[in-house]
Amino acid sequence: MQKKICMLGGFSVGKTSLVRRFVQSIFSDTYLTTVGVKIDKKSVALPNRTVDLILWDLAGEDDIGSFRVSNVRGATGLVLVADGTRAATLAVALTLRERVEAEFGAMPFVLLFNKSDLRDRWAISDREIDEFRQLGWQIYLTSALSGEHVDDAFHQLASMVTA
Amino acid sequence: MRRLPREVGSWIYDFFYNEHSVAYLKIDARLCIAAKGGNVEHYGLSSLCIGKPVADQLEFMEGLLPCPELPCHMAMVELPNGRVADLHLFTGNACVWLLFLDTTAERDNKQRLQQKAYEMTLLEERERQLNEKLQSTNEALRKSQEGLSREYQRAESLLLNILPASIAERLKANKKIADNHAEVSVLFADIVGFTERTRSVGAVTTLAMLNYFFKTADRLSERYGCEKIKTIGDCVMVVAGLPLARSDHANALARYALELRKAVKRERFAGEPLRLRIGIHSGPIVAGVIGKRRFAYDLWGETVNLASRIQTSAEPDEIRISDATHQLLGPKFVCDPLEETELRGTGRVRMWRLSA
């Protein structure tokens, strides 16, 4: 079984780095912006089955208007990524999800606050994050650099899209 | 439809075909690959099997078919072999066609530009963040400076409680302080029977008694321009003519003594008013600050010693003054001469009782 998953978020929040950390267990400090789409595959072993996640790493947006929602067609789950050191990227991730839901209907998602290794530049309050948790959302504070919670987040989504 | 000459059309076809490495897949209604053609090697599609489901062989096709909205276009998709292609899906002849058009060069160009633009935006964002941080740091600094200046004022007012203002100023300027004063008047006053009363009234009343006495002494010293120098047990030492000299120091201190005697009687402790023994003497003294951490402004000299002796010899409720002080007093004061008395360490001394 394989499932299409889309990475959604503003530019430079770490979507490509999260995929690389999850798929290849590596991290590069060099920022290389993604243009268009990169597609990766990773098998995830769940308790009762194995699922191949087809990860669509979509170009990050600084202008929501240019987002190509058609790339999400066929996706069964979303990884929303915000940069914990740039508060404005949270709104971008949430808006992208709204765009996708308007086009394709609701689908499972996880919300990642990435770059948790940069504690001293952290710009999102615990209270704000708790409010999302209280909505029942699956929230992860991840670091593509250290790998913290990255596997957890993808495994969680894998079990959500196969449920 | 506008028709181009056959040669032009043919040239465009060849040019486009080569430039974009055109390849295609034909997908049947069961979503299996029915045919492939064009430059399939360019995209690493040579090994695709005809007759097998497309989504099993091309991962990115997962979930895309059947597609209710055709034609559909996905720009700049990076394929597993590293080539980048625009993908076009359209229908024709009861099949879906998947067209590959190479856009690797365009993607790379766009990426270079986008990279610069995003890096610039990130720098600007970072600059803004750092500026905000700088501002809040400055604000915190300003607040702590305010706190510091409040602390300084508090320390200053504490210092002024301990030392006369002009002495405190000189001390802050790190000057040594030891002055000869030619003419001052020195007063000692203590509570009659203090030790015995302490025993009978208990600690709380004792403290209240002392507090009342010293507060009254402080308050009056401000009013009459005298300086309270220190307290020793239940005894208070007050000086006039210090640290700034004044010619009427004896008058000032005499008025102070009369008022002090009256004022302490206004409050009763265990039913009894306070009664004082007061002694005054006038003469030259040395004044200065001793100590480095716990400052004390103090006076020394024979004048001080004699004032103390006179005070000790005074009767309850009596203000006893030396002959030297008496000579300095103005005509308004009422004084009675006392018999010459032998004082310890001084010999016979002529003294007066100040009564009004």
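This is a short tour of a two-chain model, one selection at a time. Keep in mind that the model is predicted.

**Stop 1: chain A**

Start by selecting chain A on its own and colouring by secondary structure. Walk along from the N terminus and the elements come up in the order β-α-β-β-β-α-β-α-β-α. Chain A has 163 residues, with 45% of them buried.

**Stop 2: the core around Val81(A)**

Next, select Leu8(A), Val79(A), Val81(A) and Leu112(A). These have the most contacts inside the largest nonpolar core, which has 65 residues. Which helix of chain A gives this core its largest share? Highlight H4 of chain A, residues 150-162: six residues of the core come from there.

While you are here, centre on Val81(A) and show what surrounds it. Beyond its neighbours within four places in sequence, Val81(A) is in contact with Met7(A), Leu8(A) and Gly9(A), and also with Val13(A), Gly14(A), Lys15(A) and Leu18(A). Ala93(A), Leu112(A) and Asn114(A) complete the set.

**Stop 3: where the chains meet**

Bring chain B back into view and select the contact between the two chains. Chain A puts in 21 residues and chain B puts in 22 residues. On the chain A side, look at strand E1 (2-9) and strand E2 (37-45), each of which supplies at least two residues. E2(A) gives the most to this side, with four residues. Colour the chain A side by class and you get six nonpolar, eight polar and seven charged residues.

To see one of the partners, pick Val37(A) and look across to Val77(B) in E3(B), its bridge partner.

**Stop 4: chain B**

Now hide chain A. Chain B holds nine helices and 17 strands. Of its 356 residues, 28% are buried. For contacts in chain B with a separation of 6 or more, residues 24 or more positions apart account for 58%.

Go to strand E5 of chain B, residues 95-102, and click on Leu99(B), which lies in it. Is Leu99(B) buried or partly exposed? Leu99(B) counts as partly exposed because it has 18 C-beta neighbours inside 10 Å, whereas a buried residue needs 20 or more. Not counting residues up to four places away in sequence, Leu99(B) touches Tyr24(B) and His88(B). Then draw a distance from Leu99(B) to His73(B): their C-alpha atoms are separated by 9.5 Å, with the two residues 26 apart along the chain.

**Stop 5: two crossing helices**

For the last stop, select helix H6 (residues 203-224) and helix H7 (residues 249-263) of chain B. Their axes come within 10 Å and cross at roughly 145 degrees. The crossing of H6(B) and H7(B) is right-handed. Show side chains for the contact: H6(B) brings Thr216(B), Ala217(B), Leu220(B), Ser221(B) and Tyr224(B). From H7(B) come Ala252(B), Arg255(B), Tyr256(B), Glu259(B), Leu260(B) and Ala263(B). By class, that contact has seven nonpolar, two polar and two charged residues.

Notes: Residues are numbered from 1 along each chain as its sequence is written. Chains are lettered from A and ligands numbered from 1 in the order in which they are written. This is a predicted model: local features need pLDDT of at least 70, side-chain atom pairs count only at pLDDT 80 or more; totals for chains, interfaces and linings use all residues. Axes are lines fitted to C-alpha atoms, for helices over the stretch in contact, and angles run from 0 to 180 degrees between N-to-C directions. A crossing is left-handed if the near helix is turned anticlockwise from the far one by less than a right angle, and right-handed if clockwise. Two residues are in contact if their C-beta atoms, placed from the backbone, lie within 7 Å. Ala, Val, Leu, Ile, Met, Phe, Trp, Tyr, Cys and Pro count as nonpolar, Asp, Glu, Lys and Arg as charged, and the others, Gly among them, as polar. A residue is buried if 20 or more other C-beta atoms lie within 10 Å of its own, exposed if 12 or fewer, and partly exposed in between; C-beta atoms are placed from the backbone. A nonpolar core is a set of buried Ala, Val, Leu, Ile, Met, Phe, Trp, Tyr and Cys residues joined through C-beta atoms within 7 Å. Two strands pair if DSSP finds at least two bridges between them.
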